[in-house]
Amino acid sequence: MAEPVSKDPARIAGMFDAIARRYDLLNHLLSAGLDRSWRRRAIQSLRIAGHETLLDVCTGTADVALAASGGGTSGPRVRRTIGVDFAVEMLRIGQRKIRDANGAPSIWLVRGDASLIPLSDRSVDLATIAFGIRNVQEPSRALREIARVLKPGGRLAVLEFGDPYVPGLRELYRWYFRFVLPRVGALVSRHRSAYSYLPASVGSFPLPAAFLAQIRAAGFSEAHADPLTLGIVYLYSARK
Ligand SMILES: C[S@@+](CC[C@H](N)C(=O)[O-])C[C@H]1O[C@@H](n2cnc3c(N)ncnc32)[C@H](O)[C@@H]1O
């Protein structure tokens with residue numbers, strides 16, 4: 001049984017604020033650059049036509065928002081993206097990236113909690129949450145909030161870490177995830193616990209079938225889970 005991990009919002013926001021400056025670098029380094037392709041897959045699953053408003057929950061440094069607005073994906077771009085996160089320093093870095101990519105004037109970053117999204121009912125067409133839901137204290141509540149702000153028929157894409165399904169690779173990956181990643185993370189981020197929290201939080205996250213049940217219970221249909229990179233990450237897709 002996985003040990004309980006504290007998801008106290010102040011603690012989680014403080015931790016991401018503390019690592020914000022090194023967050024992108026560590027993401028690309030520790031995933032060997034695969035994180036970009038995982039976000040791309042999530043955006044492709046939304047089947048963007050070009051007129052939509054996208055809500056990116058737990059937006060962090062705005063990589064999903066930037067990719068959906070055209071930086072890094074081919075095909076149609078959303079008309080507007082609203083990124084919500086409660087870690088100010090993550091948002092500050094995201095804001096700088098948006099300014100630097102001056103082709104992305106259609107992204108708004110807002111400080112807010114995934115469990116109380118500061119948007120009105122049925123106000124967005126699409127929603128994403130990439131590597132954020134496992135940090136949220138009450139994931140079901142956040143999913144219900146996303147369902148509330150989505151228009152009927154709106155698509156949801158969630159990315160979260162999983163466990164590789166190939167024997168051999170699974171053991172190697174677990175060793176990397178539990179022993180190598182926390183050490184490299186601590187060294188580069190200079191934060192003692194943030195990168196030990198990562199495997200602990202993934203370990204306490206429900207298995208794909210159980211998380212799909214939570215998505216359905218929040219008011220979504222057509223929910224399914226697709227393993228990416230042999231199950232290191234899962235892409236969960238659903239419609240309101
Ligand atoms: C691992 S980062 C992911 C950032 C980004 N989505 C990405 O793909 O790189 C998780 C983010 O979720 C945010 N977060 C966690 N719990 C949250 C909550 N309850 N409400 C808002 N943001 C939250 C953190 O502040 C952090 O920026």
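This note walks through a predicted model, from the overall fold to single residues.

1. Overall build. The protein chain contains eight helices and seven strands. Its radius of gyration is 17 Å, close to the 18 Å that the globule rule gives for 240 residues, so the chain is as compact as a globular protein of that length. The C-alpha trace spans about 45 × 40 × 35 Å along its principal axes.

2. Burial and contacts. Of the 240 residues, 40% count as buried. Take the contacts with a separation of 6 or more: residues 24 or more positions apart account for 76% of them.

3. The ligand shell. There are 22 residues around the ligand. C58, G60, A87, A114 and A130 come nearest. By type, the shell divides into 13 nonpolar, six polar and three charged residues. Helix 1 (9-30) and helix 3 (63-68) each supply at least two of the shell residues. Helix 1 gives the most, with five.

4. C58. This residue deserves a second look. C58 is among the residues that come nearest to the ligand. Its place is in the loop between strand 1 and helix 3. C58 has a positive phi of about 55°, although it is not a glycine. Is C58 buried or exposed? C58 counts as buried, because it has 26 C-beta neighbours inside 10 Å and the cut-off for burial is 20 or more.

5. F131. Here is another non-glycine residue with a positive phi, again about 55°. F131 lies in the loop between strand 4 and helix 5. With 22 C-beta neighbours inside 10 Å, F131 counts as buried.

6. Helix 5. This helix covers residues 139-149. Its buried residues are P139, A142, L143, E145, I146, A147 and V149. What covers them? The cover includes strand 1 (53-57), strand 4 (124-130), strand 5 (150-161) and helix 8 (208-217).

7. Helix 6 against helix 7. Two packed helices are described by the angle between their axes and the distance between the axes. For helix 6 (residues 169-189) and helix 7 (residues 194-203), the axes come within 7 Å and cross at roughly 150°. Angles over 145 degrees count as roughly antiparallel, so helix 6 and helix 7 are roughly antiparallel to each other.

8. Who meets whom there. Helix 6 brings F177, R178, L181, P182, G185, A186 and S189. Helix 7 answers with A194, Y195, S196, L198 and P199. The residues of this contact divide into eight nonpolar, three polar and one charged.

Methods:
Residues numbered from 1 in each chain as written. Predicted model: local features only at pLDDT ≥ 70, side-chain atom pairs only at ≥ 80, totals over all residues. Axes fitted to C-alpha atoms, helices over the stretch in contact; angles between N-to-C directions. Helix = DSSP H or I, 4+ residues; strand = E, 2+ residues; numbered from the N terminus. Parallel < 35°, antiparallel > 145°, perpendicular 65-115°, else oblique. Contact = placed C-beta atoms within 7 Å. Nonpolar A, V, L, I, M, F, W, Y, C, P; charged D, E, K, R; others polar. Rg over C-alpha atoms; globule rule 2.2 N^0.38 Å. Buried ≥ 20, exposed ≤ 12 C-beta atoms within 10 Å, placed from the backbone. Near = placed C-beta within 6 Å.
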